[in-house]
Amino acid sequence: MIRWAIIFLVVALVAAVLGFGGIANFSFEIAKFVAVIAIILFVISLVAGGLRGRGTRT
């Protein structure tokens, strides 16, 4: 998921350099959205893993 955020960020940077402001803005917004979702999912997985714990080994 972070890969997609990086791809959209690169597309936004290239579009900005070439002068396509609308495409650059849209790509940057998508990159921010995907990065935020990835961070939220990462935090949720950390919390779920911490709550589950390791348990006891027999």
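Trp 4 is exposed, its relative accessible area being 52%, where exposed denotes over 50%, buried under 20% and partly exposed the range in between, computed with a 1.4 Å probe and protein chains only. The structure is a predicted model, in which local features need pLDDT of at least 70 and side-chain atom pairs count only at pLDDT 80 or more, while totals for chains, interfaces and linings use all residues. Residues are numbered from 1 along each chain as its sequence is written, and side-chain values use heavy atoms, with hydrogens and water left out.

One aromatic pair is found in a search of the whole structure. This pair is formed by Trp 4 and Phe 8 and is tilted, with 6.4 Å from centre to centre and 35 degrees between the planes; rings of Phe, Tyr and Trp (its six-membered ring) are paired if their centres lie within 6.5 Å, and planes under 30 degrees apart count as stacked, over 60 as edge-to-face and the rest as tilted. Trp 4 and Phe 8 are separated by about one helical turn because they lie four residues apart in helix α1, helices being DSSP runs (H or I, at least four residues) numbered from the N terminus. Phe 8 counts as partly exposed, at 23% relative accessibility.

Val 11 is also found in helix α1 and, at 37% relative accessibility, counts as partly exposed. Ser 27, by contrast, is located in helix α2 (residues 21-52) and is buried, with a relative accessible area of 5%. When neighbours within four places in sequence are left aside, Ser 27 is in contact (heavy atoms within 4.5 Å) with Phe 8, Val 11 and Ala 12.

Notes. Helices (H or I, at least four residues) and strands (E, at least two) are DSSP runs, numbered from the N terminus.
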